[in-house]
Amino acid sequence: MSLDDKICEEKFVSSYNRCEDGHYSVALPFKMDPILLGDSWEIAHLRKMFLSIFVHPEDRKYQRFLWRESQDQPIQCYEMVKVVFGSKPSPFLAQRVLAQLAMDSKDKFPNGSSEVEQFYMDDYLGSFLEPGTAVNIVQEMISMFKESGFTICKFATNSKEVANEIPSSLQITNNVEWDHNEAYLKVLGIQWNPPEDYFSFKVSIDNDKCTKRNILSITARIFDVLGFVSPFIITLKLLIKELWCMKLDWDEEPPSTIQNRWSSIVSEMPILNTLRIPRHLGIKTSSSVSLISFCDASERALGACVYIQVTSPDGSISANLICAKSKVAPVKYVTIPRLELCAALLLAKLLHTVQTIIEKKYPIEKILCFTDSTVSLSWILSASFKWNTFVSNRVSKIQDFTDKDSWYHVAGTQNPADVLSRGLSPGELLASKLYLEGPSWLLTPIHEWNLTRNNAETVSTTEEIKKSLVYVTSKESNVLLEMATRMSSWRKLIRAVVIVLKFGRILSKGPITVQDLEIAELKLIKALQEVVFKPTIESLVKGKESPDNKLKKLKPFVDDGLLRCGGRLTNAKHLDYEHIHPVILPKNHHIVNLLIDHTHAKNLHTGPYLLTAILRRKYWIVGAKDIIRNRIRKCNICFKTNPKPVVPRMGDLPSHRVAETKAFYHTGVDYAGPFYVTWTKRRGVRPIKAYLCLFVCMATKALHLELASDLTTTTFLAALRRFISRRGQVKNLYMDSGSNFIGLSNTMGELY
């Protein structure tokens with residue numbers, strides 16, 4: 001029981017009371033979450049169930065509303081004294097009142113009170129083996145509800161003996177629908193014919209247009225809660241899947257091939273109206289009940305169905321379909337054995353639900369599960385921990401819902417679930433006796449069946465066996481490298497190495513000197529190289545090439561136990577030996593990170609390029625560019641002091657740039673070039689320089705070009721005259737301080 005249920009239960013127990021006339025008065029509990037309700041089929045109904053329950057006087061203030069009969073009358077405040085439809089706590093209160101009524105009437109009406117559990121909201125459904133038992137319980141229920149202020153009515157039954165004992169005023173009459181001289185009631189959207197006691201379907205298509213929206217709408221209208229027509233429903237679902245994979249719009253017409261298939265399906269849909277499914281499973285007094293279930297899968301879909309085998313005391317055997325369920329296979333590719341295992345899980349869940357319901361009334365003698373997949377059967381019969389995660393999880397759930405000893409193999413031709421995985425048309429569904437009635441051997445005793453299981457050892461299931469991974473590590477213990485992992489500074493690390501070496505009498509006792517620090521650094525680097533570059537060092541010592549292709553390009557060699565870079569600077573006599581042949585260091589190691597951080601801080605937090613150059617005077621770090629940038633990026637000081645560029649604010653554009661004027665009214669001028677031009681095509685003519693004089697409109701950015709032979713004032717004045725002759729008068733002419741422009745200014749000043 002959840003916390004909300006406990007709160008509502010405590011509220012109800014502490015506040016409910018029963019009036020003198022038998023009505024119940026309850027308080028209104030408040031729930032944070034809404035109650036999700038479904039629907040239930042019925043053979044009896046509680047009339048005005050909510051309005052038969054009074055609300056506690058202290059809680060009626062929560063059901064106040066304003067009302068007036070006409071506009072002329074004043075508005076008045078009313079209170080609802082009964083539980084109203086639409087209020088969130090109403091469903092809970094109604095169900096809780098029925099439970100309390102059953103407890104209060106347990107002694108007076110023992111049979112009627114026990115049937116309260118069969119109510120779903122205000123609908124009741126019950127089944128009995130003997131008519132006398134049904135009459136007795138119905139009479140007790142009528143009396144019990146009448147004393148508490150309820151009216152149970154709308155009784156419907158398939159037994160004439162029971163119907164004769166129920167008052168006609170309490171029987172259902174108006175809600176019976178007549179179609180082709182057949183009377184039926186709606187049971188969870190399925191037609192139920194009480195006199196003949198069978199289920200049927202009524203399929204009508206208003207719009208047969210082939211679009212994804214319409215196909216989905218028609219599929220959703222076929223409400224088949226027990227899965228009787230699942231082989232046909234899966235055909236429609238597979239058609240919708242194809243449209244979805246084509247990425248068609250909701251109202252877009254699909255290709256002609258799908259339209260033809262849809263037309264064929266629509267033409268056969270009325271055949272479903274002739275389908276008849278017996279409601280009674282054949283259970284009688286002293287009958288033995290067994291559940292037989294099947295599952296199957298294909299690349300397109302998977303399905304499961306459950307049958308009941310009833311053996312009467314006289315030895316006669318009957319078998320009926322209880323329910324079925326199908327699912328579309330996922331779009332992503334899944335192997336057939338895995339899909340078969342998913343179908344087995346679907347069957348296990350469906351069978352568990354059916355078993356739980358039937359066991360409340362009748363004991364089940366035997367439960368058998370069949371699959372035509374030898375691979376999935378071998379998985380189910382084995383321990384779940386042997387397989388990979390996908391198989392292991394599903395096998396574990398299957399073994400939780402069912403007993404693994406109840407699983408057997410069946411031939412594919414005798415598996416009725418095969419049609420659920422492939423789909424059938426309405427005509428094929430009505431003709432499929434294997435699905436509607438089950439295999440013929442269901443009508444024979446179980447001990448005569450040839451039950452077989454495959455041998456798990458002969459089935460190839462190695463692909464799904466969980467691989468046992470054994471991690472073997474070969475790690476040479478080195479006290480210097482282990483100590484380095486606990487250091488956060490290069491300086492502290494080197495001094496700690498000196499102390500260790502002095503303790504081991506490798507270095508002489510006394511204060512730490514510069515020579516001690518250099519020896520400690522070499523010892524630390526040797527220890528690092530012996531672990532990281534061990535194969536390379538061993539190959540080079542034996543006179544072979546480096547097995548590492550990345551190091552082979554560096555021409556490495558071993559010098560006094562150190563792996564150094566050969567390089568191409570052997571003839572650079574002005575450089576130090578360590579600069580010509582730097583020590584090779586790995587890319588990702590804590591010691592290298594400490595060295596980079598130390599050099600970076602020592603050189604005033606320099607940038608990556610200079611830091612790389614400084615380090616390569618002594619060390620060659622493999623992949624230095626990336627690791628150095630990464631370490632600088634993690635430097636807090638560099639991050640805090642990283643200057644951000646200041647972008648100056650742009651000034652407003654001058655008026656001549658935004659004014660609405662004619663083209664070239666405000667003009668800017670400049671030169672482009674020089675360009676070499678040949679004036680004539682003659683032998684021996686040399687190209688001479690020429691320039692382009694550019695006139696740009698300041699408002700429209702229009703461009704006018706004039707050819708100038710030189711940069712003199714006279715030539716520019718001639719180009720300006722040609723420009724004005726073509727473009728008209730110019731008010732302002734903007735130019736730089738070129739000598740020809742200054743000469744033009746002086747010339748114009750003398751003239752004007």
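Q: How do you know that β15 and β18 pair?
A: This is a predicted model. Two strands count as paired with at least two bridges between them. Strand β15 (residues 288-297) and strand β18 (residues 364-371) are joined by seven bridges, so they pair. The two run parallel. Serine 293 faces cysteine 369 of β18.

Q: What makes β17 and β19 edge strands?
A: Their sheet is open, with five strands in the order β17-β16-β15-β18-β19 and mixed pairing. β17 (317-328) and β19 (407-409) each pair on one side only. On average, neighbouring strands here are turned by 25° against each other, direction ignored.

Q: Which strands of this sheet does helix α9 touch?
A: Contact needs heavy atoms within 4.5 Å. Helix α9 (residues 336-358) touches β15, β16, β17, β18 and β19. Its direction makes about 35° with that of β16. Helix α7 (residues 230-245) lies across β16 (301-311) and β17, at about 10° to β17.

Q: How do you know that β25 and β26 pair?
A: The cut-off is at least two bridges. Strand β25 (residues 688-697) and β26 have six, so they pair, in the antiparallel sense. Leucine 692 stands opposite leucine 707 in β26.

Q: Why is one side of β26 and of β27 left without a neighbour in the sheet?
A: The four strands form an open sheet in the order β26-β25-β24-β27. β26 (703-708) and β27 (732-734) are at its edges, and each has a single partner strand, so one side of each lacks a neighbour in the sheet. Helix α26 (residues 713-727) packs on this sheet and touches β24 (666-677), β25, β26 and β27.

Key:
Residues are numbered from 1 along each chain as its sequence is written. This is a predicted model: local features need pLDDT of at least 70, side-chain atom pairs count only at pLDDT 80 or more; totals for chains, interfaces and linings use all residues. Side-chain values use heavy atoms; hydrogens and water are left out. Axes are lines fitted to C-alpha atoms, for helices over the stretch in contact, and angles run from 0 to 180 degrees between N-to-C directions.
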